[in-house]
Amino acid sequence: EPFIDELQRMLQPLGDLLFPGPGSCWDGHHCFIVRYRSGEDLGLDMHTDDSDVTLNLCLGLEFTGAGLQFCGMTGAGDHRKHRHSYFHKKGHCVVHLGRRRHGADDITSGERLNLILWNHSSTYRSSDESESPPYNAETGPPDPVCVSYTHDRDFGNFKDYPKGKENFRGRGWCPRRSFEYPGFKPDCDSEEEDRHV
């Protein structure tokens with residue numbers, strides 16, 4: 001814990017420079033290590049973090065694949081549109097806002113370890129920007145790389161559900177009802193029936 005406290009203190013000026021507001025006045029954190037290994041946890045579905053600013057440091061080891069895909073910001077009309085593909089390198093760190101949608105591609109060989117540091121600012125979290133963020137209707141269909149089987153109501157229209165994850169069909173919440181893009185169609189028949197009742 002003292003090491004992470006000191007690491008956060010050293011990184012605070014970078015957060016403040018890159019992300020004024022969410023990157024300012026950090027006073028809490030959650031730190032953990034993720035491991036992706038062929039034959040075990042391969043990747044991570046699209047999601048956002050419970051952080052104001054996330055630091056993701058690649059510790060190694062030897063691996064191929066497991067890129068990080070970045071999409072839009074939660075609540076933006078283009079939050080499921082692809083923005084950037086990042087490829088981890090040992091000793092390099094990527095820094096992003098917690099509310100940016102992102103996910104890890106499947107690892108194809110080897111093993112990857114990453115130190116994740118979620119930074120929290122109670123000052124920012126009590127602001128109007130954090131407590132009442134805008135939520136806009138989607139401007140169009142998502143890019144397939146940005147859909148989430150965990151969260152999205154239309155995932156199955158763009159990708160097949162991963163093996164063992166089929167039970168997520170019909171459980172998504174995104175996009176919120178009445179914020180769908182023109183022509184939206186859920187991938188679950190029961191939801192489609194509910195929409196016409």
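Modeller: Two strands pair if DSSP finds at least two bridges between them. Strands (E, at least two residues) and helices (H or I, at least four) are DSSP runs, numbered from the N terminus. The model is predicted: local features need pLDDT of at least 70, side-chain atom pairs count only at pLDDT 80 or more, and totals for chains, interfaces and linings use all residues. Residues are numbered from 1 along each chain as its sequence is written, and side-chain values use heavy atoms, with hydrogens and water left out.

Colleague: Good. How many bridges join β5 to β8?

Modeller: These two strands sit in an open sheet with the order β2-β8-β5-β6 and antiparallel pairing. Between β5 and β8 (residues 100-104), which run antiparallel, the bridges number 4.

Colleague: And which strands stand at the edges of that open sheet?

Modeller: The sheet has 4 strands.

Colleague: Now β9. Which residue of β9 is the bridge partner of I33?

Modeller: Strand β1 (residues 28-37) pairs with β9 in the antiparallel sense over 10 bridges. Strand β3 (residues 53-60) also pairs with β9 in the antiparallel sense, over 7 bridges, and there L57 has L115 as its partner. For I33, the bridge partner in β9 is L115.

Colleague: Where does β4 come in, and which β9 residue stands opposite G65?

Modeller: β4 (residues 63-65) is joined to β9 by 3 bridges, and the two run antiparallel. Opposite G65 stands I107.

Colleague: Why is β9 called largely enclosed?

Modeller: Buried here means under 20% relative accessible area, with exposed over 50% and partly exposed in between (1.4 Å probe, protein chains only). β9 (residues 107-120) has 14 residues, and it is largely enclosed by the rest of the structure because the buried ones number 10.

Colleague: Which element gives the largest share of the largest nonpolar core?

Modeller: A nonpolar core is a set of buried Ala, Val, Leu, Ile, Met, Phe, Trp, Tyr and Cys residues joined through side-chain atoms within 4.5 Å. The largest one has 11 residues, among them V34, Y36, F70, I107, I116 and W118. Elements giving two or more residues to this core are β1, β5 (68-73) and β9. The largest share, 3 residues, comes from β9.

Colleague: On to the cysteines. Which residue is joined to C71 by a disulfide?

Modeller: A disulfide is a pair of cysteine sulfur atoms within 2.5 Å, and the whole structure has 1. Its S to S distance is 1.9 Å, and the partner of C71 is C146.

Colleague: How many residues apart are C71 and C146, and is the disulfide left-handed or right-handed?

Modeller: C71 lies in strand β5 and C146 in the loop between α3 (128-131) and α4 (189-195), so the pair links distant parts of the chain, 75 residues apart. Both cysteines are buried. The torsion about the S-S bond is about -90 degrees, so the disulfide is left-handed.

Colleague: Last one: is C174 buried or exposed, and what is its relative accessible area?

Modeller: Start with C93, which is partly exposed at 39% relative accessibility. C174 is in no disulfide, with the nearest cysteine sulfur, that of C146, 11 Å away. C174 counts as buried because its relative accessible area is 1%.
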